[in-house]
Amino acid sequence: MSVDFLNDLYAGTASTDRNLYVTGAGFDGAAQPGVRLSLMGSGTQSFKVVSSTTYNEGAAGGTVTTLGRDTVNVGTGSVTINANGPSTRAVGGAGAMKFIAGSGTETILAGSGVSSIIGGAGSLSFTAATGAAALITTGSGHEVFDLIQGHAGGTLAITGFHSGADIIHLQGYSGSAVRSEVATSGDTLITLTDNTRIDLVGFTAGNGHPVFG
């Protein structure tokens, strides 16, 4: 969005100098963060507008690049999501989903299809479902993996798990949710009571390294 200052005036003194200051803006009913412009003379200055868009991908699938505070609904087709905006919410379906996170806040609700996630610099929240979910690599941001009794059941493979920065949340499980935990060849394989499998690739649990939170 651009602001064009058309009516500048100086008139020779500081007291008669006319300037234009933009201290905030809204677009499509949403306040735009960090909008500050100082127009000290005639001319145009611009700022980036962040919108909210919902993408319904259906059976065709394809590639979606988000730029705003966007929602992507995955259908039966395969979808690749490039998250470039301040926040992205992805809702999985029967189709395969590849999610490439950026520096924003990412929320991913997996579906029955395979989910492949690449973490970024921002925070990421992933809720597992019945599909196999492979987190190819974690990013540098804070990542939370939610497993809900009755909604999980698939396999969650996490490469690059960082103890403390990354946390696995178990919800709705009664008693001890962990049926078995086996460390082998530098990996940790955890099986829950509903047969959900968590494979922490290259990470050995125990020795004071928390996994669940």
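Reader: Why does Phe203 count as buried?

Author: The model is a predicted one. In it, Phe203 has a relative accessibility of 9%. Buried means under 20%, so Phe203 counts as buried.

Reader: How do you know that Phe161 and Phe203 form an aromatic pair?

Author: Rings pair if their centres lie within 6.5 Å. For Phe161 and Phe203 the distance is 5.2 Å centre to centre, so they form a pair. A search of the whole structure finds one aromatic pair.

Reader: Why is the pair of Phe161 and Phe203 called edge-to-face?

Author: The angle between the planes is 70 degrees. Planes over 60 degrees apart count as edge-to-face, so the label applies to Phe161 and Phe203.

Reader: What parts does the pair tie together?

Author: Phe161 lies in the loop between β18 (155-159) and β19, and Phe203 in the segment after β22 (197-201). The pair therefore ties together parts that are 42 residues apart in sequence.

Reader: Is Phe161 buried or exposed?

Author: Phe161 has a relative accessible area of 6%. The cut-off for buried is under 20%, so Phe161 is buried.

Reader: Which residues does Thr138 touch, leaving out those up to four places away in sequence?

Author: Phe161 is one of them, and the others include Gly119, Glu143, Ile158 and Gly160. Thr138 has its place in the loop between β16 (133-137) and β17 (143-148). Its relative accessibility is 9%, so Thr138 counts as buried.

Reader: Why is Ser185 called exposed?

Author: Its relative accessible area is 74%. Exposed means over 50%, so Ser185 qualifies. Ser185 lies in the loop between β20 (178-184) and β21 (187-192), and has a positive phi of about 55 degrees although it is not a glycine.

Reader: How do you know that β13 and β15 pair?

Author: Two strands pair if there are at least two bridges between them. Four bridges join β13 (residues 105-109) to β15 (residues 124-127), so the two strands pair. They run parallel. Thr107 has Ser125 in β15 as its bridge partner.

Reader: What makes β7 and β19 edge strands?

Author: The open sheet has seven strands in the order β7-β9-β11-β13-β15-β17-β19. Strands β7 (54-56) and β19 (166-171) each have a single partner strand, so one side of each is left without a neighbour in the sheet.

Terms used
Residues are numbered from 1 along each chain as its sequence is written. This is a predicted model: local features need pLDDT of at least 70, side-chain atom pairs count only at pLDDT 80 or more; totals for chains, interfaces and linings use all residues. Side-chain values use heavy atoms; hydrogens and water are left out. Buried means under 20% relative accessible area, exposed over 50%, partly exposed in between (1.4 Å probe, protein chains only). Contact means heavy atoms within 4.5 Å. Rings of Phe, Tyr and Trp (its six-membered ring) pair if their centres lie within 6.5 Å; planes under 30 degrees apart count as stacked, over 60 as edge-to-face and the rest as tilted.
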